[in-house]
Amino acid sequence: MSELRWHPLVGQWVITATERQERTFLPPKDFCPLCPTKPGAFPSEVSEADYDVVTFENKFPSLRPNPPVPAIAGTDFEPVAPAGGVCEVVCYTPNHESTLAEQPIRRIEHLIQVWTDRFQVLGDRPEVKYVFQFENKGKEIGVTMFHPHGQIYAYPFIPPIIERELDQARKHRAETGRNLLLDIVAGEVADGRRIIAQNDSFAAYIPFFARYPYEVHITAKRPGTTSFSEFTVADRINLAVILKQILAAYDKLWDFSLPYIMSIHQRPTDGQDYADIYQFHIEFYPPYRTKDKLKYLAGSEAGVGAYINDTLAEEKAEDLRNALAKAKIF
Amino acid sequence: MANAEKEDVMHKRETIMADGRRKMYYFTFDEQADEADEKSGNGTAAKEDSSEEKTNE
């Protein structure tokens, strides 16, 4: 069963997808569904013996192109709706043991080209209002498969955090005439204390308002860059470079492959113009606050949405700059 | 710094998965002559190549 149920108290859709209880959970390497199928071996999701980058519709989707009629009736204030949309898996590499951080910049560039294609194709679907590309990495985050991969959810609505960002951006625009995200990135670049890396197209920093100790944002500097669709060739190369730098710094921080959620924030695909108020950016949420301690979303965060960060962004940014220097990417 | 104006050309091939219903896309790339890792040696790319070509099969 799968449907959207409206949460009237907080004003957002909740997706029910009961089939997902049966999804593959931490399979052994020889039975990885994301590895290429080897001759005579277990048939994985990927039938070919090798690939560069491959995407496919999720076997256990939360949203589907032909959604079933909701199995339960809603009410006036708790309506239900079909869970239409698309969920895709993006396999970065056929190498099961690798990570995105370990990919050469050239392959990260290829991935960015694939992300661009999927943003445009899925965003063109009439029912899709928002294309969310993300990666859950590491067992601490709750991944069910270790093969390096990301996911794409093409939603029939604008998700609540994006709605909230847009509301704040519109308010800032009305009050100042400026773009909030451009003001944020310009402020970070001018201050410098929280910058990890930057190039002509992007700045990577732990924001002044970070909720997680090692929360990094990578924000596009060029006005009007609201999605992959507005990227130039130089932007794609520069994003590949700065992604490599941040991921390398993460892995060098404590000399283990750092888990994270990578959340790519782009404009909605509902046909409206967001060029004056929004900017493409990527947010990383690593769950570790020290080498051996996790940052849990507990009472204050999960219960009422009030984040408590036990660290200072300025100090953690210095940690990441030092880690990046040790990583010797450039 | 090597020539940053060339981008590898992407090809996309759509297939239907073994279950006969789900769509799948294989992406392959024609690598250009220069080394991509060298392109960004100082973290700053050169100007955009206006002749960028993207091939979707």
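How many bridges pair strand β6 of chain A with strand β11 of chain A, and in which sense? I found 5 bridges, antiparallel, between β6 (residues 130–137) and β11 (residues 260–265). Within that pair, I saw A:E135 opposite A:M262.

Some ground rules I jotted down. The model is predicted, with local features needing pLDDT of at least 70 and side-chain atom pairs counting only at pLDDT 80 or more, while totals for chains, interfaces and linings use all residues. Residues are numbered from 1 along each chain as its sequence is written, and chains are lettered from A and ligands numbered from 1 in the order in which they are written.

Strands here are DSSP runs of E, at least two residues, and helices are runs of H or I, at least four, numbered from the N terminus. Two strands pair if DSSP finds at least two bridges between them.

Next I traced the 11-strand open sheet: β8(A)-β9(A)-β10(A)-β12(A)-β11(A)-β6(A)-β7(A)-β5(A)-β3(A)-β2(B)-β1(B), with antiparallel pairing. Its edge strands are β8 (195–198) of chain A and β1 (9–16) of chain B. I noted an average twist of 20° from one strand to the next (axes are lines fitted to C-alpha atoms, for helices over the stretch in contact; angles run from 0 to 180 degrees between N-to-C directions).

Then I looked at helix α4 (residues 233–253) of chain A, which lies across β8, β9, β10, β11 and β12 of chain A, at about 15° to β9(A). Contact means C-beta atoms, placed from the backbone, within 7 Å.

Last, I checked the 3-strand open sheet of chain A, β2-β1-β4, also antiparallel. Here 6 bridges join β1 (residues 2–7) to β2, and A:E3 has A:T16 as its bridge partner.

Technical notes:
Contact = placed C-beta atoms within 7 Å.
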